[in-house]
Amino acid sequence: MSLTKDEVQHVAMLARLELSDKEVEKYTTQLNDILGYAQRLQALDTANVPPTAHVFPLQNVMRDDRVDPSMAREKIVANAPDEEDGFFRVPKIV
Amino acid sequence: MKLYTKKAHELHDLLVNKEISAAELVRAQAERIEAAEPKVQAFITRTFDDAMAQAAKVDAKIAAGEAIGPLEGIPMALKDNMCTDGVRTTCASKILHNFVPPYDATVVTKLKEAGAILMGKCNMDEFAMGSSTENSRFFATRNPWDIERVPGGSSGGSAAAVAAGQAVFTLGSDTGGSIRQPAAFCGVVGMKPTYGAVSRFGLVAFASSLDQIGPFTRDVRDNARVMNAIAGYDLKDSTSAPVDYPDYEALLGQSVKGWRVGLPKEYFGEGIGPEVKAVIEKAVKVLEGLGAEIGECSLPHTEYALPVYYLIAPAEASSNLARYDGVRYGYRSEEAPDLNTMFKKTRAEGFGEEVKRRIMLGTYALSSGYYDAYYLKAQKVRTLIKGDFDQAFEKFDVLLSPTSPTVAFKFGDRTDNPLQMYLSDICTLSVNLAGIPALNINAGFANGLPVGLQLMGKAFDEAKLLQLAYAYEQATGCHSQTPDLGV
């Protein structure tokens with residue numbers, strides 16, 4: 001199984017990355033190399049093996065439901081590329 | 001007196017005995033950073049003014065006859081992926097080049113409470129993706145032992161700063177070896193703690209099921225001391241482990257006689273450089289001389305660690321890095337006629353090549369129709385890799401291996417071939433997949449370059465790693481050499 005340039009374009013769209021033709025070419029080759037290398041995992045029988053998502057078996061981490069102070073709004077929007085009246089400004093959507 | 005070669009515990013004694021003041025120490029540290037920086041290039045941001053203000057507070061405390069804590073007044077630096085309130089935090093990326101966090105990471109809060117003094121933020125591979133610090137969007141950091149060579153990565157700035165005397169200690173983060181491999185290349189002590197032992201609140205996320213923060217120091221005692229300050233449960237990190245954390249420093253100095261040390265044969269095979277192997281074998285003899293019982297063991301799924309890692313880490317990264325969209329912080333493309341173009345251009349211009357490659361790989365591995373074949377399969381094999389360690393630790397207290405298959409390589413040696421670069425991490429990846437702690441110490445030198453020794457332990461067995469490393473260090477004096485930068 002190998003990845004085509006069209007599929008690489010599709011993945012770039014999913015990842016919201018604009019790629020040049022040169023980049024599409026390069027990533028097609030390199031992703032195929034890396035995925036080809038990963039194929040060796042298929043040699044292992046894992047039918048009865050549970051997946052490990054996290055190594056430490058913590059479940060249902062809860063805390064008391066109480067109101068704590070929040071960060072100052074002006075400090076947060078200070079990092080925004082574009083801001084107006086304490087809101088994030090973005091290009092017109094609709 | 002060359003203050004920049006001294007350890008934190010030595011400097012603490014000098015402060016307590018009033019042989020130096022915190023202000024003198026911080027000033028000397030700032031001078032050393034400036035003197036070494038043209039050669040090493042470890043720092044993205046310097047915070048000298050704040051540091052001087054902090055030092056004055058420590059001196060006032062000493063003058064008033066108050067006791068100071070073990071890290072109080074000690075100059076340190078942080079990898080630039082840990083949030084510092086009011087101090088720029090870039091991840092060495094264009095997309096965060098102007099980001100000023102509105103809060104401190106928990107490790108930063110803890111170090112501030114301990115009185116340690118921040119001198120600046122260290123260079124790294126962009127978003128911690130890399131093994132040489134060549135992927136920084138700003139500049140490459142150089143290895144203080146040979147400035148033609150890389151310092152390792154991704155925490156290359158943090159490792160080089162400690163080796164070059166630019167900070168007494170630093171923090172780094174380790175997702176697949178990013179503390180241990182640069183510690184090995186730069187000849188310093190570097191700890192990757194157990195998953196969950198050090199809070200990651202305020203660490204910019206790369207791969208959430210693997211990332212851990214840990215210290216770089218000049219000797220093992222300092223490492224234990226910094227671990228004492230940063231380890232512990234944190235309500236703000238839902239993966240933080242609610243267990244009892246020992247006093248790591250107090251446990252140093254005990255006999256390691258009868259300790260069972262396992263050598264996983266897969267870590268000594270093909271691909272390990274002969275010069276590295278020779279130094280490690282000599283180190284094993286030293287431990288044997290100290291009474292450790294050495295035996296061979298097997299971690300049979302080792303060969304699968306690299307493909308498992310390079311599916312899981314990029315998959316998690318692609319999800320974590322989705323937040324960089326040019327809306328709330330960081331870089332936004334000038335060309336933003338509509339929302340989708342803004343996202344695509346911002347991310348295309350803001351991320352570097354390796355980061356984009358991993359986002360692409362991870363997005364593909366998680367995409368509909370491929371999830372089972374790649375991500376789920378990798379997570380299942382991860383279970384087998386973890387099982388290997390569980391079995392080995394039934395027979396052994398600690399496992400020992402080289403940290404890296406080679407010594408530090410030259411700039412540009414591996415940048416053309418990502419897979420070749422990924423092989424730098426072959427000895428370190430499994431530890432993150434299994435979530436266990438591992439420690440790098442300098443085992444010795446090959447052609448004037450440091451060779452790193454890795455000790456791996458059971459989950460939450462950091463104290464044992466530090467005790468064994470301490471015994472080795474005391475027996476060999478391997479921590480006493482420092483690179484000569486000619487400055």
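The contact between the two chains draws on 40 residues of chain A and 55 residues of chain B, where two residues are in contact if their C-beta atoms, placed from the backbone, lie within 7 Å. On the side of chain A that touches chain B, the elements giving two or more residues are α1 (5–14), α2 (21–38) and α3 (73–77) of chain A. α2(A) gives the most, with seven residues. Sorted by class, that side of chain A holds 29 nonpolar, five polar and six charged residues. Here Ala, Val, Leu, Ile, Met, Phe, Trp, Tyr, Cys and Pro are taken as nonpolar, Asp, Glu, Lys and Arg as charged, and the others, Gly among them, as polar.

This is a predicted model, in which local features need pLDDT of at least 70 and side-chain atom pairs count only at pLDDT 80 or more, while totals for chains, interfaces and linings use all residues. Residues are numbered from 1 along each chain as its sequence is written, with chains lettered from A and ligands numbered from 1 in the order in which they are written.

Now for chain A as a whole. It has three helices and two strands, arranged along the sequence as α-α-α-β-β; helices (H or I, at least four residues) and strands (E, at least two) are DSSP runs, numbered from the N terminus. Chain A is more spread out than a compact globule, because its radius of gyration is 23 Å, well over the 12 Å that the globule rule gives for 94 residues. That radius is taken over C-alpha atoms, and the rule is 2.2 Å times the number of residues to the power 0.38. The C-alpha trace of chain A spans about 55 × 45 × 25 Å along its principal axes. Of its 94 residues, 15% count as buried, meaning that 20 or more other C-beta atoms lie within 10 Å of the residue's own, with C-beta atoms placed from the backbone.

Chain B contains 15 helices and eleven strands. Its radius of gyration is 21 Å, close to the 23 Å that the globule rule gives for 487 residues, so chain B is as compact as a globular protein of that length. Its C-alpha atoms fill a box of roughly 65 × 50 × 45 Å along the principal axes, and 62% of the 487 residues count as buried. Among contacts in chain B between residues at least 6 apart in sequence, 77% join residues at least 24 apart. An unreviewed UniProt entry lists residues 24–466 of chain B as "domain: Amidase"; UniProt positions are given in the numbering used here, feature names are shortened, and annotations may be inferred rather than shown by experiment. That stretch is 37% helix and 14% strand, and its end C-alpha atoms are 31 Å apart.

The UniProt record (unreviewed entry) also marks K79(B), S154(B) and S178(B) as "active site". These residues gather at one spot, because no two of their C-alpha atoms are more than 10.9 Å apart, although they span 100 residues in sequence. K79(B) sits in strand β2 (residues 75–79) of chain B and is buried, with 31 other C-beta atoms within 10 Å. Leaving aside neighbours within four places in sequence, its contacts include C122(B), M124(B), S155(B), G172(B) and S173(B). S178(B), by contrast, lies in the loop between β4 and α6 (180–186) of chain B. It too is buried, with 37 C-beta neighbours inside 10 Å.

Strand β6 (residues 212–217) of chain B is largely enclosed by the rest of the structure, because six of its six residues are buried. Five bridges join it, antiparallel, to strand β4 (residues 169–174) of chain B, and two bridges join it, also antiparallel, to strand β5 (residues 189–192); two strands pair if DSSP finds at least two bridges between them. F216(B) in β6(B) stands opposite T170(B) and also opposite G190(B).

Finally, the largest nonpolar core holds 168 residues, of which M76(B), V308(B), L311(B), L455(B), L466(B) and A469(B) touch the most other members. A nonpolar core is a set of buried Ala, Val, Leu, Ile, Met, Phe, Trp, Tyr and Cys residues joined through C-beta atoms within 7 Å. Helix α9 (residues 305–320) of chain B gives the most to this core, with ten residues. Not counting residues up to four places away in sequence, M76(B) touches, among others, L111(B), I117(B), M119(B), V168(B) and T170(B).

Key:
Buried ≥ 20, exposed ≤ 12 C-beta atoms within 10 Å, placed from the backbone.
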